[in-house]
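Open the model in your viewer and keep the sequence panel beside it.

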Amino acid sequence: MEAEPANATDAYGIPAAPASSDAVRRKRRAIEDAAAAEFLAEGYAGASMDAITSRSGASKATVYKHFGTKERLFLAAVGGILRETYADLEPGGSALVEAPDLRAALIALTGDWTALLLRPDIMALRRLVIGEIHRFPQLGRLWYRVTYDMFNGPLVEAIAELGRRGRLQVPDPVLAVRQLVAATVGVPQLEHTFAPGTETDPAELTRLVTSGVDLFLARYASS
């Protein structure tokens, strides 16, 4: 027998999967994948539980048995994507401390993250979460924590260590990282979020990221 869905949630309010057999986990994952595709294509309001059922190959009774409501299915599906988006990436900033050329290392790091965040699938997910943030604020909190843990947090630690070693003068590493991200990653991310048809020009992205890093170093590099 498949286990009845529990109402348990994690620290961010995302439905937690109950302990179950491999077969049940596979069934649940198939439903979540189908739901994610439907929600990304149609948004929360436009998504149909009938379409999700058809995509997943499960019966509607099985879908509701696992997730209970459309709201819980949305949270489980989108929350799962958020966690998996960055799961295979190494946290940013770890190589900066020992980099012989700090400018080049910062340009490479922020350039790689800019390219990642502008991927069409991540942009689509970002727009979906922003569009539903009033209804599902827990997804916003989860997105912030996941991206902070993978990028901003390690970068703060690296910048602080570079300050201790005298390579940078950073009285407030958290503020410094916010400024660096805003001047590099933040600009194209904002543009692509609200203008989905924006073309990605690699040369222009390199120019923007490089100028942002130079602005950062002009403020914080040791004399």
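Colour by secondary structure and read along the sequence: the pattern is α-α-α-α-α-α-α-α-α. That makes 9 helices and 0 strands (DSSP runs numbered from the N terminus: H or I of at least four residues for helices, E of at least two for strands). This is a predicted model, where local features need pLDDT of at least 70, side-chain atom pairs need 80 or more, and totals for chains, interfaces and linings use all residues. Residues are numbered from 1 along each chain as its sequence is written, and side-chain values use heavy atoms, without hydrogens and water.

Next, select the aromatic residues. The structure holds 8 aromatic pairs (rings of Phe, Tyr and Trp, the last by its six-membered ring, with centres within 6.5 Å; planes under 30 degrees apart are stacked, over 60 edge-to-face, the rest tilted).

Select Phe 39 and Tyr 44. Their ring centres are 6.0 Å apart and the planes meet at 15°, so this pair is stacked. Both residues are buried (under 20% relative accessible area; exposed is over 50%, partly exposed in between, with a 1.4 Å probe and protein chains only).

Now go to Tyr 144 and Tyr 148. This pair is also stacked, at 5.9 Å centre to centre and 25° between planes. The two lie 4 residues apart in helix H7 (residues 137-164), so about one helical turn separates them. Tyr 148 is partly exposed, at 24% relative accessible area.

With Phe 39, they form one aromatic cluster.
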